Amino acid sequence: MEAIQPTADHATSSIDVIVPTVVGLCAEFDDVTAVTETAARVRDAGFKYWDVHSPFPIHGIDHAMGIRPTILPVLVLMGGLTGCLFGITMTAWINAFEFKMPAPFNWTNLQGYQFFISGKPLWSLPAFIPVIFECTVLFSALTTVFGMLLLNKLPMLYNPLFRLKNFRRATSDRFFIVIDAGDPNFDRQKTAELLRSGGAVSVETVDE
Amino acid sequence: MGSHSHANRLDSDVTRLRPGNGGIGIFLMLAGLAGVIVAAIVSYTGAHDLVRFYRALLFGVAGYLAISCSALLFVLINHLVRAGWITNVRRVLETLAIQIPLLGILLIPTIITVAKQDGTIYSWAVPSDTPEVHHGAGDAHAATAGDQHGAPAAPHVDNHAAGAKPVHTETAKLQHVGKTDNIIPGYHAGEVSLPYPNEQVRPGVERDFDRLVAEKNHGWLKPAFWIFRIIAYLAILTWVAWYYRSRSIAQDATGDVDISSNLQKISGPLLMACGLIVTFIAFDMFMSLDPHWFSTMYGVYFFASGTQAMWAVMCLTFIILQSRGYLKESIGTEHFHDMGKMLWAFIVFFAYIAFSQYMLQWYANMPEETFWYDKRGYSTAHPNGYTPFALILLIGRFIIPFLGLVSRHVKRNRFGLGFWSVWLLACFFCDIYLLIMPEFHWAGTTHELRFGLPEFLCVAGVGALWLGNMIRMLAANALRPLRDPRVHESLAIQNI
C-alpha cells in the first residue's frame, strides 16, 4: 500500500516545486500514560482544534482533553418526548377521532376512525401505551444515532491523516495527538516542541 | 496503567468498621426482636387473636426477603459476567444476601400456620376432601363451571362431621371467612354477577367447596409438600449466599485468584437454579395467597421490585458509610453513578414488568384474572381503600422518580441519589403492602385497609433485625473485597 507518497519526495525531481500546506502536527506515542499527560498539557496550553486517536477508549481522556459534556442526551430527551407526543397523537387520531386532513392536505385522504375494540373506551390509554412507548424508543434511538453522526461530522470520507504511514497504527498499538494548524495557538516549532516534551516517539507534519 | 497510584490511595482506605459498630448491630437486632414481640402482644390482645400478627409478620418479612434474594442474584450475575465496577461494593451485596437464613427463621410462624392447616394466612392450607365425583375434565375451571350449571354435586364437607379434629370456634370463623372470600365470585353462589368481586360472607353457610383450591390442596399446594419446598428453597439460597460470601472473605486473607475463577465457573448453573427458586418463592409464598389467581410474570415482578429496592439500599448504605469516613478511597462518584444507573434501570424495568402484567390481564378482561386487580383498587369503576397504593405504584414509583433520577448530575450527587433511594424504598413497601395485604379478609369486612401497630411493628422490627444482623456481619469482616483481582479495575472505572 505505497500508493500515496508524500509530495515532498516528488518535489526534488520536479521543476515546479510544490510547497505543501501544513494542516497540522501529528505526534505518535507508545504509552497511554504519556499520551494522557501530554493531552493535559495541550489542554492547558489552550488549544481548541485538536484530537487524540487511540486503538481503545482511554479512561479519563475526556478530563485530560477538557472535553465538555456532549449535548446528545438533551437531544435524545427531546427526541423521546417528540416520539411520546407523536405516539399519543397517532393512537388518538387513528383510533378515536374521525378527523379528516384539512384543506391543504385533503389530497392525502387521511382520516381517523372510531374503532370500538373489546369494549374498551375509544381512546384507551393502557391499550395504547405499548405503541406510545415504542414510538418514544424509536424516536430516541434515531435521534441518538443521527445526532451522534451529526455531532461527529460523520460520514467523513477523507482526512489528510490517512496519508501518514505511521498513523495506521492508531488502530492497533499506537496513540496519536493531532493538532490542527488552524488553531489560534498553533506554531509549528513551539507546538512540535510541546508534543516532543510530552514523550512523543515522533512528530510529523500533516500535509494537505 | 496507574495501578501504582491506586495502590497508594488504597493504603489509606478505611475498610473495617470501628469497634463498637458490631454492638450497634446487636442492639438493633434486640430492638427489632422486641418490636416483633410487642407486635405479637398487641395483636394477641386485640380483636383478631394472633392471626393479625401472623399476617403482619409475613408482610414484614416479604420486602426484606425480596431485597435479599435480589442481592443474591446480583452477586451471581456479577460473577457470571465478570463485572469489574461492582467489585468494591460487592461485600455489602454479599452481606445483604446472607440475611436469607435470618428471614427464614422469621418465616417459621408462617410455616407453622400452614402446618396447623387453619387458613390463617393461606386459604388453601385448610384441609379439603376432593369429592368422589370428578367432572371428567382435568381443567379446574371447566369443572367448577360445571358445578355452577345446576350440578348440586358440590359436597359440603364438614370439618366437624368428618371428625378430623376439634376446631376452635374463633378459628372456624376465620376459616369460614378465609374460604368464602377467596372463592372466585360467582363460583360458590351458583351465580355469576358482574362486576367483580362479589365477596360478601354468606351467613349460615359453614363452608363452601372450591374445586380449584381443593385440587391444589392435594397437589402443588399440599401443605407438607409446600413446607418441604419452602425449607428447601431457603436452604439452597442460604448455602449459595454463604458459599459466595465465605469464599470472598477467604480471598481477603489469601488473595487466591483461583477463588474468583471458581466462583465464576459455578455462577452460571447457580444463577439458573437461584432464579427459578426466587420465582418459585414468589409463586408459593405470595402468589398463592390467592390460589385462584395466576400470573407467570409474578416471579419477575417480585425480582424486579426487590432489585429496585436493593439498589436503593446499596446507595443509602454507601452514602452512610462514606459520611462516616469508610471506603473514601475505594468508592468514588463513579460507583455511585453506576449504582444510580442500576436504580434507574430498575425503575424502568419494574414499570415495564408491572405494566405488562396489568395490561395483558386488563385487556383480556377475564374474570378469573381481573378480580385480583379489582381487589387492589386498580379499577376506576370500583375504587377502594387500596386505590391510593395503586396510584403510588404508577406515579410515585415510576413517573416522578423516572424524571427525577434521569439526569446523570442527580445520580452523581449524594444528596440526590439518597433522596430518590429513600423515596423508592417507601414506594417499595407500598408495593409489598399492595401485593400481600388485600388478600387478607377480616370478618364481615372487605377491602378494609389495615395498617396499624402490629403491621408497623412487624415491618420496622424485621427491618431492624435485618439491618442489625447486616451491620453485625459487616463489622466482622472488611467492608470490601481486599484482594480480589478486580479491585483495581473497579477503582479505575470512568463513566464517560
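Biologist: How many salt bridges does the rule find across the interface of chain B and chain A?

Modeller: Residues are numbered from 1 along each chain as its sequence is written, while chains are lettered from A and ligands numbered from 1 in the order in which they are written. A salt bridge is a side-chain nitrogen of Lys or Arg within 4 Å of a carboxyl oxygen of Asp or Glu. Across the interface of chain B and chain A, the rule's count is zero.

Biologist: OK, so which classes of residue does chain B put against chain A?

Modeller: Nonpolar here means Ala, Val, Leu, Ile, Met, Phe, Trp, Tyr, Cys and Pro; charged means Asp, Glu, Lys and Arg; the others, Gly among them, are polar. On the side of chain B that touches chain A there are no charged residues, two polar and nine nonpolar.

Biologist: How much area do chain B and chain A bury between them?

Modeller: Buried area is the accessible area (1.4 Å probe) that two parts lose on being put together, summed over both. For chain B and chain A, 75% of it is on carbon and sulfur atoms, and the total is about 1,100 Å².

Biologist: How far apart do the C-alpha centres of domain 1 and domain 2 of chain A lie?

Modeller: The bounds come from an automatic or database domain assignment. In chain A, domain 1 covers 19-68 + 156-207 and domain 2 covers 72-151. Their C-alpha centres are separated by 46 Å.

Biologist: Which residue of chain A has a positive phi although it is not a glycine?

Modeller: Most residues other than glycine have a negative phi, and most peptide bonds are trans. The chain also has a cis peptide bond between Leu154(A) and Pro155(A), with omega about -5°. The residue with a positive phi, about 60°, is Asn109(A).

Biologist: Which helix of chain B has the lowest mean pLDDT?

Modeller: Chain B averages a pLDDT of 83, with 80% of its residues scoring at least 70. Over residues 130-207 of chain B, though, the pLDDT is below 50. Where pLDDT is low, the predicted coordinates should not be read in detail. Helices are DSSP runs (H or I, at least four residues), numbered from the N terminus, and the lowest mean in chain B, 38, belongs to helix 8.

Methods
Heavy atoms only, no water. pLDDT = per-residue confidence, 0-100. Helix = DSSP H or I, 4+ residues; strand = E, 2+ residues; numbered from the N terminus. Contact = heavy atoms within 4.5 Å.
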